[in-house]
Amino acid sequence: MCGAVRFAYGGKVGAAAYCHCQDCRRCTGSAFNVGVAFETASFEVVSGQPKEFTKRADSGNELARHFCPECGSPLYTSSPRHPDLVYLKAGALDDPALVQPGYQSWHGSAVSWSMIEPGLPAYEKGRGRS
C-alpha cells in the first residue's frame, strides 16, 4: 500500500488460489485469501525488507507470512514444504489482470457471507451521501 516494499518477477504466473481457512481469513481481514503462485527463482524483492510471521497452519505445514513493516500490508506467503514457490497476495500486484482464478481450498471453512449477493446495491465509486 505504501510502496516501501517492491518486488519484481520474470517467470510464468501461476493460477490464483482462493483459500477459506481461518488463518487466511485472519491474515487478510476478509472472507478468504487470494494467492497467486510465483516461482521463487524468478521472484525478487527489489526494495524494502518485508517482515515475517511464521505459524503452523491447520494443514500442519509451516507458513511464513511476509508483510510490509511500514504499513502492515500483507505481501506474500512462503513455506518450507514448497520452497520453489511464493504465493503473492493478489491485492499486492500492480496489474490485477495477472490474477487467473484456478481453485479454492479449505472450502469447508468458507463463511456464509463470502459470496456477494447479486441483488446487493452497488455503487461505482463509493456510497454517496445526500
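The protein chain exposes about 8700 Å², of which carbon and sulfur atoms supply 52%; accessible areas come from the Shrake-Rupley method with a 1.4 Å probe, and for residues only the protein chains shown count as cover. The model is a predicted one, in which local features need pLDDT of at least 70 and side-chain atom pairs count only at pLDDT 80 or more, while totals for chains, interfaces and linings use all residues. Residues are numbered from 1 along each chain as its sequence is written, and side-chain values use heavy atoms, with hydrogens and water left out.

**The whole chain**

The chain holds 1 helix and 9 strands, in the order β-β-α-β-β-β-β-β-β-β from the N terminus; helices (H or I, at least four residues) and strands (E, at least two) are DSSP runs, numbered from the N terminus. Of the 130 residues, 31% count as buried, where buried means under 20% relative accessible area, exposed over 50%, and partly exposed in between (1.4 Å probe, protein chains only). Among contacts (heavy atoms within 4.5 Å) with a separation of 6 or more, 58% join residues 24 or more positions apart.

**The nonpolar core**

Next, select Val 36, Phe 38, Phe 43, Leu 88, Leu 93 and Val 99, the residues with the most contacts inside the largest nonpolar core, which has 16 residues. Such a core is a set of buried Ala, Val, Leu, Ile, Met, Phe, Trp, Tyr and Cys residues joined through side-chain atoms within 4.5 Å. Two or more residues come from each of β3 (33-39), β7 (74-78) and β8 (85-89), and β3 gives the most, with 3 residues. In soluble globular proteins, nonpolar side chains tend to be buried together.

Centre the view on Val 36. Leaving aside neighbours within four places in sequence, the contacts of Val 36 include Val 13, Val 86, Leu 88, Leu 93 and Val 99.

**The aromatic pairs**

Now display the aromatic rings. Rings of Phe, Tyr and Trp (its six-membered ring) pair if their centres lie within 6.5 Å; planes under 30 degrees apart count as stacked, over 60 as edge-to-face and the rest as tilted. The count comes to 4 aromatic pairs. Phe 7 and Phe 43 have ring centres 5.6 Å apart and planes at 40°, so the pair is tilted. Because Phe 7 lies in strand β1 (residues 6-9) and Phe 43 in strand β4 (residues 43-47), the pair ties together parts that are 36 residues apart in sequence. Both Phe 7 and Phe 43 are buried.

Move to Tyr 9 and Phe 38, whose ring centres are 4.0 Å apart with planes at 25°, so this pair is stacked. It links Tyr 9 in strand β1 to Phe 38 in strand β3, 29 residues apart. Tyr 9 is partly exposed at 23% relative accessibility, whereas Phe 38 is buried at 3%.

Select Gly 11, in the loop between β1 and β2 (16-19). Gly 11 counts as partly exposed at 26% relative accessibility, and it touches Glu 39 and Ser 42, not counting residues up to four places away in sequence. A C-alpha distance drawn from Gly 11 to Ala 122, 111 residues apart along the chain, reads 36 Å.

Finish at Trp 106, in the segment after β9 (101-105). Trp 106 has a positive phi of about 50° although it is not a glycine, and at 40% relative accessibility Trp 106 counts as partly exposed.
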